[in-house]
Amino acid sequence: MSERLFTVKSDRFSLTEENEYVIHGWLARGARLSAEADGRTVQTETEAVYHFNDERYGGIEVRCAVKLPENGVRKSLKLYAERQGEKENVFSVPASVIRSRQRGLQVYLDDVSVMRERDVAYITGWAASASGVKISVREETAASNAVITRCARPDVTEMYEECAVEDESGFNVRISPVPSHGLTLEFVSEKGKVTEHIATGKVSYRAAKIGKLAKKSWRHLTYNGLASFVRKVQDKINGPKVKPVFYPDWIRQHLPDEEELQRQRTASMENAPVFDILTTASEKGIPDVKKQRFADSVRAQTYTSGRIEDKEAEWILIASEEGELAPHALFELASCIMRRPELRMIYSDSDSVDEKGNYSDPDMKPDFAPDYLAATNYIGHFAAVRRDLADEASLWKYLHHTEDLYDCWLRLSEKTDRIGHIPKVLYHSDIALLPKERENDAESQERQRAAVESHYRRTGQPADVEIGAVPFTYRTVWHREEKPLVSVLIPNKDHIDDLRICIQSLTEKTDWPNLEIIIIENNSEDPLTFEGYEALKMLDSRIRTVTYEGGFNFSKINNFGAAAAKGDYLFLLNNDTEALSDVITEMMGYCQRSDVGIVGARLYYGDNTIQHAGVVLGWGGVAGHAFVNQKRGAERLLPRIVCQQNYSAVTAACMMVDREVFEKVEGLSEDLAVAFNDIDFCMKVREAGYLIVYDPYAEMYHYESKSRGLEDSPEKKARFQKEIDRFQEKWGDILREGDPFYSPNLSMITQDFSLKEI
């Protein structure tokens, strides 16, 4: 059986029904589930949770409730999937495991992070019961140094649809100093008691991490087989990935076959565009064999109108001879021009070709993104330009060699923003032109850096340009003489220790001279919280509090804080963040630009994996964070992480916005109380004509639970269904068209910019 019919995601007991066992997983289309306990058929009820296929595991996600025998299971419970007469045992759990889980209190530890350099440990997780759960630290010494806070976990609330669990079923434990002997958490409800020992010693902590991973891995291997286990290990090491896509297979599927090429050769286009072809070569020269291969690729084009001599060419095709045109390149360009006559420049996706004709290293590009272009030459070595635009930019004066292409793309972008993108691979670049092949070419990097800096000088932008964190990427450093007042807005309910770390790190790192910090008090209950406010205000006169008295609504709370703010710029910030750099100065560099409305930062979880590096629309039906769970330092493999660039949205956990823009779009939408309000806000700002910028050089920790993860990830879509529906109602057209800053050739399941599966 080539396709696995069912892949287990999780299994548990119902909190209310002693004999109901619930299994979540991905079920192949057309398959159905049945179960046996000790060899006898038992009743099952299967319900679809999501109705879209998961690219990693296949099928749709379902919830299967199994009715166990009244007298219990003596040997094992087995789940079967059946389709078209084929039946597969897809899940088996022994009676001993079933008995150990049969309780009305369930506890899960998401993450234990020990940060030695700060002598602090964070423990996050959730506890669920049909009645309330009390959480405490058992050891007296550890308890005196521990701060336990509860938090909302809508994913847990949604998981246990059979009963109401606490709104604040999640927990965060912060303990400092870190106990060398570990500590024990105790969870108590009317349904029982659970204890969890947490290893925090230098050796025991690592051993516990490895042991937990080994246990989970063995369980997944036992349930789902070797192939699924390999994918799971890959997820843990490198972040979620789709099934590996072999690019030569992918490109064969996406290049036109001979029948399609013949159709293109005979296609008739009225008033079809005419192209002149302008080629470039390296200053160092290129072998004749490469020139010949490029010439052959021109002769192989299915569209030939470009060679009509008695008609003036309105379009110039610019390409390096150190590569090849795909046979349908001119046809696709002509078709795009016919559909979109307003365009003045067009580029496409590309890949690399070696001397043997093997294709690799696909570059699936976003639609035109000016700040991304200033960070790296993502347009590459191939584009079509209207002749009048080339004349306007004096292109002939500056374009002589392949090394001049980046400078020319920048010059052209200064004259027009009517730049189109064809999301198809139309150009195969010489593999020797890849950044990884030229990493030590300091002369070329300096030449490109100077081109970007000259671009800023020509456009009157007060910026210098540095070599970026990854070869052939560039960092813009802004120099602003004006230092307007920035109002930092931090909503807070209790969590005074987190708030203190947030504010202290922010004020210690920033050099911005004109600052006010507004704590938006939101129904705190602990008297120590209010004492903490007073202590903070005594330490820094720029800090003040305002009191929001309504129920939790993220949009209303921030709108309330904005109304009380005096600043020209608003800095929305979560209280569970910690600045790693001068984020205010860094983000204000972009935010003071007249065409920019919002700036976001690069955020890390406490374990130094990425929590946010921009937002992509469409993941999970709404939106998701880019590169989530990638390790800090993965930039060389995924250089877009460290490129200042445009996205459709960024998270409001750390967001800078021009106050005029904020008021122009009437702030955050208050009908989105918990989820997607920041994404919706960015969409409104984009609709008003402003750019959204992600700046990776503004770095912060965001100590959000990793398992809670993205409020917008596919796995947790159902928990915010009402707000999802509202968001999709407002922005359905854009969601259907696709995120302009993300390629339709990339996966809509993972968040690491992997190729979409064939």
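Modeller: Before the charged pairs come up, a salt bridge here is a side-chain nitrogen of Lys or Arg within 4 Å of a carboxyl oxygen of Asp or Glu. Please also keep in mind that this is a predicted model.

Colleague: Fine. What does R726 pair with, and how far apart are the closest N and O atoms?

Modeller: R726 forms a salt bridge with D671, and the closest N and O atoms of the two are 2.5 Å apart. This pair links distant parts of the chain, since R726 sits in helix α20 (residues 721-737) while D671 belongs to the loop between α18 (659-664) and α19 (677-687), 55 residues apart.

Colleague: Which residues are joined by salt bridges that share partners?

Modeller: One network of that kind is made up of E314, R344, R386, D388 and E392.

Colleague: And how many salt bridges does the structure hold?

Modeller: The structure holds 40 salt bridges. Among them is the one between the side chains of R265 and E258, with an N to O distance of 3.0 Å, and R265 is partly exposed at 38% relative accessibility. Another of them joins R542 to D540, where the closest N and O atoms are 3.0 Å apart.

Colleague: Let's move to another arginine. Where is R602, and what does its side chain contact?

Modeller: R602 is in strand β30 (residues 596-604), and R602 is buried there, with a relative accessible area of 4%. Its side chain makes a polar contact of 2.8 Å with the side chain of E635, and a polar contact of 3.3 Å joins the side chains of R602 and Y604.

Colleague: Which side chains reach a backbone nitrogen?

Modeller: S487 is one of them: a polar atom of its side chain lies 2.8 Å from the backbone nitrogen of G567. S487 is part of strand β25 (residues 486-492) and is buried, with a relative accessible area of 0%. D257 is another, with a side chain that reaches the backbone nitrogen of E260 at 2.8 Å. D257 is found in the loop between α5 (247-254) and α6 (258-266) and is partly exposed, with a relative accessible area of 47%.

Colleague: Now the backbone. What is the phi of D494, and what is the phi of H495?

Modeller: Phi of D494 is near 55° and phi of H495 is near 50°, and each is a positive value in a residue other than glycine. D494 lies in the loop between β25 and α14 (496-509), and H495 is likewise found in the loop between β25 and α14. D494 counts as buried at 17% relative accessibility, and H495 is buried with a relative accessible area of 19%.

Colleague: And where is there a cis peptide bond?

Modeller: A cis peptide bond joins S176 and P177, with omega about 0°, and P177 is in the loop between β13 (170-175) and β14 (183-189).

Colleague: Back to the surface, then: which residues gather in the patch of negative charge?

Modeller: That patch brings together D167, E168, E525, D526 and E531. D526 is placed in the loop between β26 (515-522) and α15 (527-539), and with 34% relative accessibility D526 counts as partly exposed.

Colleague: Last one from me: where does H479 lie, and what separates its C-alpha atom from that of M588?

Modeller: H479 lies in the loop between β24 (474-478) and β25, and at 42% relative accessibility H479 counts as partly exposed. H479 and M588 are 109 residues apart along the chain, and their C-alpha atoms are separated by 9.9 Å.

Terms used. Residues are numbered from 1 along each chain as its sequence is written. This is a predicted model: local features need pLDDT of at least 70, side-chain atom pairs count only at pLDDT 80 or more; totals for chains, interfaces and linings use all residues. Side-chain values use heavy atoms; hydrogens and water are left out. Patches are made of residues with over 30% relative accessible area and no salt bridge: like charges are joined within 9 Å, nonpolar side chains (Val, Leu, Ile, Met, Phe, Trp, Tyr) within 5 Å. Accessible areas come from the Shrake-Rupley method with a 1.4 Å probe; for residues, only the protein chains shown count as cover. Lys and Arg count as positive and Asp and Glu as negative; His and the chain ends are not counted. The place of a charge is taken as NZ of Lys, CZ of Arg, CG of Asp or CD of Glu. Helices (H or I, at least four residues) and strands (E, at least two) are DSSP runs, numbered from the N terminus. Buried means under 20% relative accessible area, exposed over 50%, partly exposed in between (1.4 Å probe, protein chains only). A polar contact is a pair of N or O atoms within 3.5 Å; within protein, one must be able to donate a hydrogen and the other to accept it, and residues adjacent in sequence count only if both atoms are side-chain atoms.
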